[in-house]
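Take a walk through this model, one site at a time. Keep the sequence and the coordinates side by side.

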Amino acid sequence: MVLKTKLTELLGIQYPIVQGGMQYVGTAEMASAVSNAGALGMLTALTQPTPDALRVEIRRCRQMTDKPFGVNLTFLPAISPPPYEEYAKAIIEEGIKVVETAGNNPGKYIKMFKDAGIVVLHKCTAIRHALSAEKLGVDVISMDGFECAGHPGEDDIGGLVLLAKSAKALRIPYIASGGMANGRSLAAALALGAEGINMGTRFMCTQEAPIHHNIKEAMVKADERSTTLVFRPFRNTSRIFRNSVAVEVNKRERNPKVAFEDVRELVAGARGRQVYTTGDPEYGVWTAGQVLGLIDDIPTCKDLVARIAADAEKIITERLNNMVVPQSKL
């Protein structure tokens, strides 16, 4: 038996599981391992320093898997924004069939991708944003609950409400993102109307993830309380691992007159990247979701994906099915 959903049929994958885009983590090693496991691996475009470097990474990934994989392109506020159009052209010209978009004002790029016949998954943290993306022509919504790593938006609405409301509000398929880690997550997401799940933090804690083993061990030792929110005063909220740097950022942000310059050196991307290479979880800020509380091992992607699917299938066919019984006559 297999789990067949609109997502598996649309993407041509075995399991309804997507590896979300992750800065500095979404490399060919990560994406190919996930795709080879039967899920959808995802390269992170902006992890590559230039559009040409992305082309090289796409070609490298194709040498490592013959299964479908996609590319994430996230649009975030920046003083000097990356050349998004050139990244988009690289994705199109390299023949990528699936793209995950996220962030601000994606309309121009969604049109580019759709004109090229690419399936577009768009990540949203609010129903109103999902409805806008639906109008722009995206194929699938990745509905991201407040539990997620990275940017949860400013509404603070958890996945349970967002997913259940999506079933009523959306006409296109959607998948569950934020807090997804195991078979219970997948079964629950399907029950709430989703066609699959998106996982980031959980895939970071696998054998193939291109980050230092010490960081994976820190994730296993952590729990659901081991994250914190930063950048709230700037309305660019981000959920990160709670370490000494994050605590200092929160301390400075309690100043009513705080400006980004007050925390800039603490949250520098270069410091965060060094966390993954040096193995020092205290070196800088790095993203992680509340799903840390559900992570207690470091499996291969193949074992993780197969276990999630098998556990979800068992829950659906045994636990839930056994709860439906003929009504007794009094």
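Start with Ile-141, which sits in strand β6. The model is predicted. Is Ile-141 buried or exposed? Its relative accessibility is 0%, so Ile-141 counts as buried. Buried here means under 20% relative accessible area. Leave out residues up to four places away in sequence, and Ile-141 touches His-122, Cys-124, Ala-130, Ala-133, Leu-170, Ile-172, Pro-173, Tyr-174 and Ile-175. Take Ala-130 from that list. Ile-141 and Ala-130 are eleven residues apart in sequence, and their C-alpha atoms are 6.6 Å apart in space.

Now go to Ala-126. This residue lies in the loop between β5 (119–124) and α6 (127–136). With a relative accessible area of 3%, Ala-126 is buried. What does Ala-126 contact, leaving aside its neighbours within four places in sequence? The partners are Met-143, Asp-155 and Leu-162. Gly-179 lies 53 residues from Ala-126 along the chain, and 16 Å separate the two C-alpha atoms.

Gly-200 belongs to the loop between β8 (197–199) and α9 (201–204). Its relative accessibility is 19%. The cut-off for buried is under 20%, so Gly-200 counts as buried.

Ala-45 is another loop residue, found between β2 (41–44) and α3. Its relative accessible area is 0%, so Ala-45 is buried. Not counting residues up to four places away in sequence, Ala-45 touches Leu-54, Val-71, Asn-72, Leu-73 and Tyr-87. Ala-45 and Ala-90 are 45 residues apart in sequence, yet 9.6 Å apart in space, C-alpha to C-alpha.

Next come the helices. Helix α3 spans residues 51–64 and packs with helix α2, residues 28–36. How do they meet? The angle is about 35°, and the axes are 9 Å apart. The crossing of α2 past α3 is right-handed. On the α2 side, the contact involves Ala-28, Glu-29, Ala-31, Ser-32 and Asn-36. Facing them in α3 are Glu-57, Arg-60, Cys-61 and Met-64. By class, this contact has four nonpolar, two polar and three charged residues.

Turn to the rings. How many aromatic pairs does the structure hold? There are eight. One of them joins Tyr-276 and Trp-286 in an edge-to-face arrangement, 6.4 Å centre to centre with 75° between the planes. Planes over 60 degrees apart count as edge-to-face. The pair links distant parts of the chain: Tyr-276 is in helix α12 (residues 269–278), while Trp-286, ten residues apart from it, is in the loop between α12 and α13 (301–320). Both partners can be checked for burial. Tyr-276 has 6% relative accessibility and therefore counts as buried. Trp-286 has 2% and also counts as buried. Elsewhere, Phe-75, Tyr-84 and Tyr-109 form one aromatic cluster.

Rings meet charges as well. Arg-239 lies over the face of Phe-146, at 4.9 Å from the ring centre. The ring of Tyr-283 has the charged end of Arg-271 over it, 6.0 Å from its centre.

Finish with the backbone. Most residues other than glycine have a negative phi. Which way does Asp-156 go, positive or negative? Its phi is positive, near 60°. Asp-156 lies in the loop between β6 (140–144) and α7 (159–169). At 33% relative accessibility, Asp-156 counts as partly exposed.

Phe-231 is not a glycine either, and its phi is positive too, at about 70°. Phe-231 lies in the loop between β9 (227–230) and β10 (238–241). Is Phe-231 buried or exposed? With a relative accessible area of 13%, Phe-231 is buried.

Definitions and conventions
Residues numbered from 1 in each chain as written. Predicted model: local features only at pLDDT ≥ 70, side-chain atom pairs only at ≥ 80, totals over all residues. Heavy atoms only, no water. Axes fitted to C-alpha atoms, helices over the stretch in contact; angles between N-to-C directions. Helix = DSSP H or I, 4+ residues; strand = E, 2+ residues; numbered from the N terminus. Left-handed = near helix turned anticlockwise from the far one by under 90°. Contact = heavy atoms within 4.5 Å. Nonpolar A, V, L, I, M, F, W, Y, C, P; charged D, E, K, R; others polar. Phe/Tyr/Trp six-rings, centres within 6.5 Å; stacked < 30°, edge-to-face > 60°. Buried < 20%, exposed > 50% of the residue type's maximum accessible area, 1.4 Å probe, protein only. Lys NZ or Arg CZ within 6 Å of the ring centre and 35° of its normal.
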